Amino acid sequence: MRVIVVKDPQTMGKRAADLIQEVMESKPHFVLGLATGSTPMPLYKELIRRHKDEKLDFSTVITFNLDEYVGLKPTHDQSYRYFMNKHLFDHININKKCTHVPCGIGDDLEAECLMYEEMIEDVGGVDYQVLGIGSNGHIGFNEPGTSLASRTHVTQLTESTIKDNSRMFAKVQDVPTQAVTMGIGTVLDAERVVLVANGANKTKAIKAALEGPITAMCPASALQLHPGVTYVITEDCAKGLTIAVER
Ligand code: PGA
């Protein structure tokens, strides 16, 4: 596994953008898997800058987001569709019809999950998947205990995730308790993966993911089974790692 340690979140965003751009420019219908949260924001800022200043072209790019809260409409300011429009899609030349975020609204979310898997398969799978990591080791909303073979599904959020995410909501009671998420098996099917992380609150999860056993109790540890994963993490996150890293 490749682990790149950088000094700050801005550099993290640039290094992750370099990895993505290289593959994106070599593929006519590049399929990009996307994540929400605070961590990928410097990456999205950098992709927008490259689009504006360097004409990085998104016109034929197809995207699939990892997850969405259950019960929030796409227009809700805490929905992940809203987040993606605001922080990326509205600022690049992507065809919005080619951007996909799981649907968290409707009577038959199971059917929506199956459809999401089919849509990913129909475009030939994800070329590059962006991931963050939860302080509990989750990827997407695959919380500890999720099957390492899981596909897109409806999941119950843990108290730790609800607490972590409550900073975005007026009060903790407003945080949805369920989400739709790509499964760990879905993530592992991507051709390549880049996991970004910064901040001391992620140090423990990063160490468990990289150096701990492969276990459903740390969903990110499943990435040890994938041959094409790069971690781009800041120094505070890399504290205490004993494996070889690049700087
Ligand atoms: P964060 O979320 O980037 O906002 O810390 C990451 C995650 O929970 O996957």
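Begin with the two helices H1 and H2: H1 passes H2 in a right-handed crossing, where right-handed describes a near helix turned clockwise from the far one by less than a right angle, and left-handed one turned anticlockwise. The model is predicted, with local features requiring pLDDT of at least 70 and side-chain atom pairs counting only at pLDDT 80 or more, while totals for chains, interfaces and linings use all residues. Residues are numbered from 1 along each chain as its sequence is written, and side-chain values use heavy atoms, without hydrogens or water.

**First stop: H1 and H2**

Select residues 9–24 for H1 and residues 41–54 for H2; their axes come within 8 Å and cross at roughly 60°. Helices (H or I, at least four residues) and strands (E, at least two) are DSSP runs numbered from the N terminus. Axes are lines fitted to C-alpha atoms, for helices over the stretch in contact, and angles run from 0 to 180 degrees between N-to-C directions. H1 is therefore oblique to H2; under 35 degrees counts as roughly parallel, over 145 as roughly antiparallel, 65 to 115 as roughly perpendicular, and the rest as oblique.

Next, display the side chains at this crossing. Pro9, Gln10, Met12, Gly13, Lys14, Ala16, Ala17, Asp18, Ile20 and Gln21 of H1 meet Pro42, Leu43, Glu46, Leu47 and Arg50 of H2, contact being heavy atoms within 4.5 Å. The residues of this contact of H1 with H2 comprise eight nonpolar, three polar and four charged. Here Ala, Val, Leu, Ile, Met, Phe, Trp, Tyr, Cys and Pro are nonpolar, Asp, Glu, Lys and Arg are charged, and the others, Gly among them, are polar.

**Second stop: H2 and H3**

Met41, Tyr44 and Ile48 of H2 make the contact with Phe83, Met84 and His87 of H3. By class, this contact of H2 with H3 has five nonpolar, one polar and no charged residues.

Within H3, colour Tyr80, Arg81, Phe83, Met84 and Asn85, which are buried; buried means under 20% relative accessible area, exposed over 50%, and partly exposed in between (1.4 Å probe, protein chains only). The buried residues of H3 pack against several elements, including strand S2 (31–34), strand S5 (99–100) and helix H5 (159–165).

Move to Lys55, in the loop between H2 and strand S3 (62–65). Lys55 has a positive phi of about 60° although it is not a glycine. Most residues other than glycine have a negative phi. Lys55 counts as exposed because its relative accessibility is 65%.

Select Asn136 in the loop between strand S6 (128–131) and strand S7 (153–156). Asn136 counts as buried because its relative accessibility is 18%. Its side chain reaches the backbone nitrogen of His138 at 3.0 Å, and the side chain of Asn136 also makes a polar contact with the side chain of Thr161 (3.4 Å). A polar contact is a pair of N or O atoms within 3.5 Å; within protein, one must be able to donate a hydrogen and the other to accept it, and residues adjacent in sequence count only if both atoms are side-chain atoms. Leaving aside neighbours within four places in sequence, Asn136 is in contact with residues including Glu143, Ser160 and Met217.

Ser160 lies in helix H5 and, at 31% relative accessibility, counts as partly exposed. Ser160 and Glu143 are 17 residues apart in sequence and 9.7 Å apart in space, C-alpha to C-alpha.

**Last stop: Gln129**

Finish at Gln129 in strand S6, which counts as buried at 1% relative accessibility. Beyond neighbours within four places in sequence, the contacts of Gln129 include Gly33, Leu66, Met182 and Arg192.
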